[in-house]
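This report covers a surface patch and a set of paired strands. The structure comes first, then the description.

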Amino acid sequence: MHLIMILNALAVAWWLRSAWNQRQGNWNLRWQRSLFLFLFPPLLIFMTAIAVLFMGPQGQMGGMYTGSISYLLALIYLAFFAISCIKLALQGWQSVKSARNCPLVIVGDRRARLLQTGALFAGQIGFWQPELVVSQGLVQTLSPAHLESVLAHEQGHHYYRDTFWFFWLGWVRSCTAWLPNTEPLWEELLALRELRADGYAALQVDPLVLAESLLLVVSSGPVLSEICCAALGSSGADRLEQRVEALLAPPEPTPEAQLQSWHGFLLAFLPLLTVIFHS
């Protein structure tokens with residue numbers, strides 16, 4: 001019976017991920033849809049594995065005997081989740097340590113770590129309380145107006161705690177790379193993250209200046225890993241046109257997450273209710 005539960009969860013997860021396609025719409029609709037299809041399938045599988053592990057390898061459920069094979073599969077999968085989390089956390093901590101080895105400087109009116117490279121880079125590096133890291137090339141190349149627009153964008157990442165939340169989303173990505181559309185959904189979430197930070201910055205600086213800064217920074221290529229890092233050009237050049245068009249268009253509101261938008265995720269916890277039918 002436990003094996004049937006696992007297979008059902010896998011089938012639903014596969015079906016939901018396969019149903020995704022990149023539809024147009026406003027920022028809020030795209031974010032809710034992409035986040036749900038990215039997060040719900042692995043959460044359903046995870047909760048199913050937790051339920052199987054809690055019920056144990058012996059007993060009955062619905063008049064059917066349970067076996068140790070499904071219990072072992074659930075244990076292996078949860079162990080894989082844990083190992084992946086530890087691995088990513090260590091890599092993220094290495095990025096944080098590397099950033100903290102850089103000297104502290106004042107850029108504009110903000111404290112930042114100065115990265116000794118000629119490449120154009122600005123990003124938030126860390127977990128819940130990330131630090132601003134800028135490159136020497138960025139400070140020397142950009143005008144004060146362009147530099148201020150970049151810093152405003154990075155302040156948007158700090159405001160939304162993007163490094164923290166995308167660390168966990170990156171963990172989900174690494175654990176469910178075998179599910180369909182994992183990479184397209186991940187790229188979509190990265191692009192929407194950048195659009196949100198762009199929108200935050202556009203309320204403080206000239207959007208045209210920010211668009212010009214974006215063109216300069218993205219053209220220089222990535223400098224650091226995306227783990228625990230949210231940078232101006234992290235969504236890649238393939239999303240550049242979309243971001244520039246959004247900056248030049250009338251501003252679109254990016255509302256805070258609302259409680260009703262999370263109701264759908266409660267369905268992923270249904271496998272836990274099956275525990276009461278186990279004996």
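## Basis

The model is predicted: local features need pLDDT of at least 70, side-chain atom pairs count only at pLDDT 80 or more, and totals for chains, interfaces and linings use all residues. Residues are numbered from 1 along each chain as its sequence is written, and side-chain values use heavy atoms, with hydrogens and water left out.

## Nonpolar surface patch

A nonpolar patch on the surface consists of L3, L7, L10, W14, I69, L73 and W178, which together have about 680 Å² of accessible area. Accessible areas follow the Shrake-Rupley method with a 1.4 Å probe, and for residues only the protein chains shown count as cover. Patch residues have over 30% relative accessible area and no salt bridge, and nonpolar side chains (Val, Leu, Ile, Met, Phe, Trp, Tyr) are joined within 5 Å; a salt bridge is a side-chain nitrogen of Lys or Arg within 4 Å of a carboxyl oxygen of Asp or Glu.

Helices α1 (2–18) and α3 (68–100) each supply at least two patch residues, and α1 gives the most, with four. Helices (H or I, at least four residues) and strands (E, at least two) are DSSP runs numbered from the N terminus. I69 lies in α3 and counts as exposed because its relative accessibility is 60% (exposed: over 50%; buried: under 20%; partly exposed: in between; 1.4 Å probe, protein chains only).

## Strand β6 and its partners

Strand β6 (residues 131–135) is largely enclosed by the rest of the structure, because four of its five residues are buried. Strand β4 (residues 110–115) pairs with β6 in the parallel sense over three bridges; pairing requires at least two bridges found by DSSP between two strands. Strand β5 (residues 122–125) pairs with β6 in the antiparallel sense over four bridges.

V134 in β6 stands opposite L114 and also opposite A122. β5 and β6 form a hairpin with five residues between them, and G126 in the turn has a positive phi of about 150°.

How values were computed: Patch = residues over 30% accessible without salt bridge, like charges linked within 9 Å, V, L, I, M, F, W, Y side chains within 5 Å.
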